[in-house]
Amino acid sequence: MRTLRLLGIGWLFHFKMIMRSAFDGVGQVIYPLFFATVAFFVFRAGDSPRTLLYASLGAAVMGMWSATSTTAGSAMQRERWQGTLEALVATPANFALILLPVTIAMATIGIYSLVATLLWGRLLFGIDLTVVHPLLFVLSIPATVLTFGALGFLFAVCFVRFRAAWALGNMFEYPVWLICGFLVPLTFFPAWVRPISWILAPTWGMNAIRESSLGGSPLPDLIMCFVLGSAYIALGFLVMERLLRAARERAALSLT
Amino acid sequence: MAVVEAHDLRRVYKTHTGTIRRRVKEIEAVRGVSFAIDKGELFGLLGPNGAGKTTTIKMLITLLIPTAGTANVLGFDVVKDPREVRKRIGYVFGGERGVYERLSGYDNLRYFAELYGVPPKVQKARIEELLELVGLKGREHERTEGYSRGMKQRLHVARGLLHDPEVVFLDEPTIGLDPVGARELRATIGTLTSAGKTILLTTHYMFEADALCDRIAVISQGEIVAEGTPAQLKSRVASGAVTEVEVYGIPDETVERLRSLEGVMSVWVEEREQAQVLSVQTRADMQLTAAILGHLNGSNVGRVSHREPTLEDAYVALVEGE
């Protein structure tokens, strides 16, 4: 109960802070619309409503991922800059339980991205959102948010130890768009790329959203989201104490 | 029984220089610091900037792992049992950093109350009580980005006390505060000692240590150079005298020559607006004014005065002696 409360309160306050940030806010409003516009223009050449919806959903999840990947790194660096990272570590709470709601709050912002992109597609490009399995579609969205949050958590765990690693958050943004099949099917890529895609939860989150919308069987994808998300969290908890100790040894918790 | 114990604590930082040919440089920030603080005592760690005060405090509050030596708080080792230590201590940062600026003061406290495991039923009452104590009542629902430096500092104090810790570490809590704000904060610290808290305070203000601390350790270049009650430290220089000379452009070599004069205990130079003030602490039984002025040939000399040594002189003498 106490753990759930800690996670809930952490999520609430970090969500509040992201919502109040002009810098993060403007980025979250503009970027998804930009991604969506580019994707629609590229895929409109195919002249198939199904292809456009495919692209629309892809662009929506691109925005969700960007919200998580770029902010997971910069959030840890921001905690360092403002001196709150030390204040958090100095508390008796398990640091992994402090960090997890931070990245889930970021991924939650991605829901806006999903809604905005789909509305943008509907209003500007006339793309109808037809959802074959509405219930599973609704389930796919929080499942994807949580798995993105879990992957962001794993990144953030590393960012606590390595001060310069926050820049990697940006580096992960674009390759994931490609190798997780946000824009084009995975079958377009060489066979060696696929195992990498399979261990990345965004691949399954994307599949779940598409399968539930376009028709198919999203349940296996949702199960994979759950399995991989749990694995990221377990791995994060496993290495957290060791990385935190290394950060304390190397004085990496503050900038001074 | 000692509540906080440090035995030969050492901390080395590694820094890198160069871009292509990167070299590792080691800086020994703390070099064998040992002390013990008894229950209910207010112990001051006094030293200039860069002396190793914050590094020492960070090792004790488990944010840094010592390179060598051991320390324990309330019987728990700071390296082996960090969580047990954190449950029982409060840490108050100096300066403006360390608060969530996009949250209100109240939300900052609510979040940290949760992290410190304050039971939900008592959180509200505890926060209200602390807001009263630090004088933030009425401003608690404003975002902290609009708080003055003093208000942020008081919020730090409230946060450090949320879980009613037995031991409180205060790292230069009055740094950068205006005189009124600093006085109010010192009064708050006074109430903590009355409540039986054990406190470790770091400061570079001699008068602050004198006014608040039961015992003081003077730290310089990572080492403790003196330890005792304020009265004991004062007695170290009580027999001396201080000659102050206003000078304009005194060379470093002259200062070194003055230090080597027989009967001179310490020499320091302070920058004051356009002039410098040369202070020479000498043995009381020696009259060295003429000899000092003789060494200042070539420099423009202004007013010359004599005074009794103060506790600040004791501190400067100790730090200069290093």
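Chain B has eleven helices and 14 strands, where helices (H or I, at least four residues) and strands (E, at least two) are DSSP runs numbered from the N terminus. The structure is a predicted model, in which local features need a pLDDT of at least 70, side-chain atom pairs count only at pLDDT 80 or more, and totals for chains, interfaces and linings use all residues. Residues are numbered from 1 along each chain as its sequence is written, while chains are lettered from A and ligands numbered from 1 in the order in which they are written.

The model scores ipTM 0.83 and pTM 0.82. In terms of pLDDT, the predictor's confidence in each residue on a scale from 0 to 100, chain B averages 87, with 98% of the residues scoring at least 70. Chain A averages a pLDDT of 83, and 91% of the residues score at least 70. Within chain A, confidence is lowest in α2(A), at a mean of 74, and highest in helix α4 (residues 84-89) of chain A, at 91.

The C-alpha trace of chain B spans about 75 × 50 × 45 Å along its principal axes. Of the 322 residues in chain B, 44% are buried; a residue is counted as buried if 20 or more other C-beta atoms, placed from the backbone, lie within 10 Å of its own, as exposed if 12 or fewer do, and as partly exposed in between.

Chain B is divided into domain 1 (2-231) and domain 2 (236-321), with bounds that come from an automatic or database domain assignment. The centres of domain 1 and domain 2 of chain B, taken over C-alpha atoms, are separated by 35 Å. Nine residues from domain 1 of chain B and six residues from domain 2 of chain B take part in the contact. On the side of domain 1 of chain B that touches domain 2 of chain B, the elements giving two or more residues are α7 (206-212), β9 (215-220) and β10 (223-228) of chain B. By class, this side of domain 1 has seven nonpolar, one polar and one charged residues, where Ala, Val, Leu, Ile, Met, Phe, Trp, Tyr, Cys and Pro count as nonpolar, Asp, Glu, Lys and Arg as charged, and the others, Gly among them, as polar.

Strands β9 and β10 of chain B also belong to an open sheet of six strands, ordered β6-β7-β8-β3-β9-β10 (chain B) with mixed pairing; two strands are taken to pair if DSSP finds at least two bridges between them. The edge strands are β6 (89-92) and β10 of chain B, each of which pairs on one side only, and the twist averages 15° from one strand to the next. β9(B) and β10(B) run antiparallel and are joined by five bridges, and B:S220 has B:E223 in β10(B) as its bridge partner. Helix α5 (residues 149-161) of chain B lies across β6 and β7 (167-171) of chain B, running at about 170° to β6(B), with axes fitted as lines to C-alpha atoms, for helices over the stretch in contact, and angles from 0 to 180 degrees between N-to-C directions.

A further antiparallel pair is formed by strand β12 (residues 264-272) and strand β13 (residues 275-283) of chain B, joined by eight bridges. The bridge partner of B:E271 in β13(B) is B:Q276, and in the hairpin of β12(B) and β13(B), which has two residues between the strands, B:E273 takes a positive phi near 50°. Helix α1 (residues 53-60) of chain B is mostly covered, with eight of its eight residues buried, and this helix is followed by B:T62, whose phi is positive, near 75°.

Between the chains, 23 residues of chain B are in contact with 24 residues of chain A. The elements that give two or more residues to the side of chain B that touches chain A are α2 (82-88) and α3 (105-115) of chain B, and α3(B) gives the most, with five residues. The residues on this side of chain B divide into 13 nonpolar, two polar and eight charged.

In chain A, A:F34 lies in helix α2 (residues 22-44). A:F34 counts as partly exposed because it has 13 C-beta neighbours inside 10 Å. A:F34 and A:T117 are 83 residues apart in sequence and 9.0 Å apart in space, C-alpha to C-alpha.

Definitions and conventions. Contact = placed C-beta atoms within 7 Å.
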